[in-house]
Amino acid sequence: MVKKTVEGSFAVAEAVKNCEPDVAACYPITPSTHVAEELASFYANGEIKEYIATESELSSMSACIGASAAGSRTVTVTSSQGMALMHEAVFNAAGNRLPIVMIVGNRSLSAPLNIWNDWQDSITERDSGWIQIYCENGQEATDAVPQAYKIAEAVSLPVMVCFDGFYITHAVEPIDVPTLEEVRKFLPLFKPAVKLDPKNPISMGEYAFPSHYQLFREDLHKDMLAAVGKVKEIHDDYAKMFGRSCGNGLLEEYRSQDADIVLVSIGSVCGNAKEAIDQLREKGEKVGLVKLRLVRPFPYAAVAKALAGKKVIGVFEKAYSLGAVPPVYGEVLAAVADAKAKPVISSFTGGLGGKDVTVGNMLELFGKLKQGKKLVEWV
Amino acid sequence: MMLPIAKPGTSKENKTGSWRSFRPETDKSKCIKCGMCELFCPEPCITGVEQSKKPEEKTFPKTDYDYCKGCGVCANVCPVKCIKMVPEEK
């Protein structure tokens with residue numbers, strides 16, 4: 001275990017390399033470009049077997065689908081408009097049950113054009129059948145990569161490892177990157193259940209008539225729900241082997257067990273939320289944080305348990321569903337819908353397109369929550 | 001886990017005749033065994049008119065209703081209009 005001072009993107013790329021992917025297919029896009037660049041230089045140095053410099057993100061995802069169908073361990077990297085361009089292939093990857101891993105440097109969607117961070121790119125793909133893990137810092141993102149492969153290959157579902165553009169992709173932090181030897185002990189070789197093989201020909205991505213299409217979708221939905229357990233199990237295995245964990249693998253409770261007021265959020269902004277909580281705790285205020293790690297499948301039971309008995313809950317998210325309640329807020333509402341004591345649950349949408357969210361902003365949010373009124377607003 | 005995969009030869013198993021709402025029926029008293037319907041059938045599920053044979057040795061066309069989708073191309077190209085599209089009764 002050696003910590004080195006490294007940019008988040010480079011640490012994640014190294015973790016990907018140490019998972020020994022057979023095929024990387026990437027089209028660089030800000031702010032995840034450094035991951036794609038680093039993978040390309042690993043390929044140039046002979047450390048990755050194949051790197052396809054595609055002409056678009058739709059091609060990247062399509063190349064990953066083909067390579068994965070042929071039994072390869074695959075990776076792609078994208079952000080924002082790149083993920084939007086992939087859209088139809090994103091659904092195909094999940095529908096074909098291909099364990100592709102996608103590294104997402106989260107960024108806003110146009111228009112107006114903006115290259116900075118929010119979660120709208122991957123949140124928009126939340127219904128696609130991909131498992132989504134969100135990370136608070138470079139270490140969590142790096143640790144999520146070997147876990148992502150192990151989860152994907154165990155449940156035959158693709159996984160997105162999402163980390164905030166610039167805030168994590170470009171931040172230089174001390175990070176312990178698991179070595180090739182360590183990853184080999186944790187991650188078994190990829191053995192696909194079925195693959196394209198000239199000796200035993202099959203067609204994949206077949207046509208399904210109205211009599212069968214819904215059955216496939218329902219099966220995928222049930223397997224997604226069931227994957228919550230596998231995500232937790234693999235996180236716990238990793239924590240045992242490497243000594244690093246992210247809460248219980250589904251969410252992290254930060255000083256929230258005895259708290260009356262709890263903030264729910266995702267990703268890098270949780271760092272500032274924790275700092276604000278520490279300051280308020282020193283003043284004796286019972287505040288805490290529930291940081292979601294797994295957003296798809298959504299861990300309803302774990303969230304309900306973490307929020308049980310809380311009087312006031314606030315959800316802060318860098319995402320929206322225009323003309324409706326914000327996506328994470330909606331999930332939290334659903335998670336606590338059956339609770340006996342009804343908490344006051346407020347929604348804050350903010351930090352969009354790189355709008356700074358400071359410790360001071362977090363203190364303001366807790367100030368608003370303390371009033372105990374339900375708020376649904378953009379901050 | 002349900003996988004949307006298929007082994008070779010499934011186009012034989014998928015009997016697309018179930019898609020049909022109109023059924024082509026050939027009036028053999030009018031048919032001249034020219035084979036136009038067989039040539040134009042896009043599936044192709046009309047067989048039996050062998051062009052190499054002399055006119056008197058030719059046989060009537062046969063429609064394979066397991067795969068005929070009822071597109072009506074045969075009825076349209078028939079020079080003597082001996083193929084009628086009859087609604088499928090269910």
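Mentor: Terms come before residues. With a 1.4 Å probe and protein chains only, relative accessible area under 20% is buried, over 50% is exposed, and in between is partly exposed. B:Cys71 is exposed, at 53%. A:Cys19 is buried, at 1%.

This is a predicted model, where local features need pLDDT of at least 70, side-chain atom pairs need pLDDT 80 or more, and totals for chains, interfaces and linings use all residues. Residues are numbered from 1 along each chain as written, chains are lettered from A and ligands numbered from 1 in written order, and side-chain values use heavy atoms without hydrogens or water.

Now the sulfurs. The disulfide count over all chains is zero (a disulfide needs two cysteine sulfur atoms within 2.5 Å). For A:Cys19, the nearest cysteine sulfur belongs to A:Cys135, 13 Å away. For B:Cys71, the closest cysteine sulfur sits in B:Cys41, at 6.3 Å, which is too far for a bond.

On to the pockets. A pocket is an open set of points on a 1 Å grid where a 1.4 Å probe fits, with protein on both sides within 12 Å along at least five of seven lines; lining residues have an atom within 4 Å of a point. The largest pocket holds about 530 Å³ (the space filled by probe spheres set on the points). Its lining has 23 residues, and A:Glu206, A:Tyr207, A:Ala208, A:Phe216 and B:Pro4 are the closest to its centre. Helix 8 of chain A has the largest share, five residues.

The second largest pocket has a volume of about 230 Å³. Fourteen residues line this pocket. Nearest its centre are A:Arg126, A:Asp127, A:His221, A:Met224 and A:Arg296. Helix 8 of chain A again gives the most, with five residues. Both domain 1 (3-242) and domain 2 (251-378) of chain A supply at least three residues each; the bounds come from an automatic or database domain assignment.

Stay with A:Arg296. The peptide bond from A:Arg296 to A:Pro297 is cis, with omega near -10°. A:Pro297 falls in the loop between strand 13 (294-296) and helix 10 (300-307) of chain A. Chain B has a cis bond too, joining B:Glu43 and B:Pro44, with omega about -10°. B:Pro44 sits in the loop between helix 2 (36-40) and strand 3 (46-47) of chain B.

Note on methods:
Helix = DSSP H or I, 4+ residues; strand = E, 2+ residues; numbered from the N terminus.
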